[in-house]
Amino acid sequence: MNNQLISILIPARLESSRLPRKMLLPVRNNTPLIHETYLNVVEAIRSSRNPSTFNLFVATDSNEIADYLDSQNISVIFTSSDHDGGLSRCHEASLNLSSQHFLIIQGDEPLVTSQMLDSFSAYHLNLPSESAICSTMATYHDSSQNGVKIVVSNSCRALYMTRCVLPNSYNVLTHLGIYGFSKLALSSYISCNCELSSSESIELLRFITNDFYVHVHKSPFIATRFGIDTQDDLLKYQKLFPTRSTVLDYLS
């Protein structure tokens, strides 16, 4: 694997339409969701093949989130509140870092494993060195699961992404909530306009509709997305992982 340093960014905002203030809602005891996600990513890095390859930051515009993370000695990059999504926020955060490659993990996607980090980071760094590299990770589509679906070409280039029901499942994968970008690709995001991205609430559509090649890494192992978007999702997570040890058992 290429030994370039990769910065992992976790964008976190306090406002959420479906589950208000979810980043600070307790998962168990006094551990809020953003801290749970951070701890799980730390564990994934620790168990990865090359822990020194990664550094980790939370990017937020919320004083409440930043104050909490500061109290836990977690590295925070404070950003402007004038962002329309996580990728824009991560672009601003990237300007403070020397890394040329970034992995972005959603703050409400707490189940990131070392397998995912190892597999996806190796895939991303071994892509052809184009001027702007965009990549994401997906798994085989299960029609019983919610989440973002990716229609891919035969070479696993992203053709379209949607939350809607598709007419068939041919060349359809389920997105796993992890992205990879070169610094130049993140910079390019700011200049891309796309009404479709806003209507679908899927930021990668900005790249796809502006003719960027979005590479899709098909997970070589069984992987399941677990996004916490609603109160029911949070309750399900709490039931599945009532203690910290149950989460660590899953991640190992």
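Trainee: Is Val247 buried or exposed, and what is its relative accessible area?

Mentor: Val247 is buried, with a relative accessible area of 0%, where buried means under 20%, exposed means over 50% and partly exposed lies in between, with a 1.4 Å probe and protein chains only. Keep in mind that this is a predicted model, in which local features need pLDDT of at least 70 and side-chain atom pairs count only at pLDDT 80 or more, while totals for chains, interfaces and linings use all residues. Residues are numbered from 1 along each chain as its sequence is written, and side-chain values use heavy atoms, with hydrogens and water left out.

Trainee: Where is the place of Val247, and what separates its C-alpha atom from that of Leu111?

Mentor: Val247 sits in helix 9, which covers residues 244–251; helices (H or I, at least four residues) and strands (E, at least two) are DSSP runs, numbered from the N terminus. Although Val247 and Leu111 are 136 residues apart along the chain, their C-alpha atoms are separated by 8.5 Å.

Trainee: How many helices and strands does the protein have, and what is its radius of gyration?

Mentor: There are nine helices and eleven strands. The radius of gyration, taken over C-alpha atoms and compared with a globule rule of 2.2 Å times the number of residues to the power 0.38, is 17 Å, close to the 18 Å that the rule gives for 252 residues, so the protein is as compact as a globular protein of that length. Along the principal axes, the C-alpha atoms fill a box of roughly 45 × 40 × 35 Å, and buried residues make up 57% of the 252 residues.

Trainee: How many residues of helix 1 are buried?

Mentor: Eleven of its 14 residues are buried, so helix 1 is largely enclosed by the rest of the structure; among them are Leu33, Ile34, His35 and Tyr38. Helix 1 runs over residues 33–46 and reaches 20 Å from its first C-alpha to its last, close to the 20 Å expected, the expected span being 1.5 Å times one less than the number of residues.

Trainee: How many disulfides does the count come to, and why?

Mentor: A disulfide is a covalent bond between the sulfur atoms of two cysteines. Here a disulfide is a pair of cysteine sulfur atoms within 2.5 Å, and by this rule the count is zero. The sulfur of Cys156 is 16 Å from the closest cysteine sulfur, in Cys134, which is too far for a bond, and the sulfur of Cys192 is 8.3 Å from its closest cysteine sulfur, also in Cys134, again too far. Cys156 is buried at 15%, and Cys192 counts as buried at 4%. Cys156 lies in the loop between strand 8 (149–152) and strand 9 (158–162), and its phi is near 65°, a positive value in a residue other than glycine.

Trainee: What is the volume of the largest pocket, and which residues are the closest to its centre?

Mentor: Rolling a probe the size of a water molecule over the atoms shows where empty space is left. On a 1 Å grid over the protein atoms alone, a cavity is a set of points where a 1.4 Å probe fits but cannot get out, a pocket is an open set with protein on both sides within 12 Å along at least five of seven lines, and lining residues have an atom within 4 Å of a point. Grid points are joined across faces, edges and corners, and a volume is the space filled by probe spheres set on the points. The largest pocket has a volume of about 970 Å³. Of the 36 residues that line it, Arg13, Gln106, Arg163, Ser201 and Glu203 are the closest to its centre. Ser201 is placed in the loop between helix 6 and helix 7 (205–209), and it has a positive phi of about 55° although it is not a glycine. Strand 10 gives the most to the pocket lining, with three residues.

Trainee: Which residues line the largest cavity?

Mentor: Glu109, Leu111, Val112, Met116, Leu176, Thr224, Arg225 and Phe226 line the largest cavity, which has a volume of about 50 Å³.
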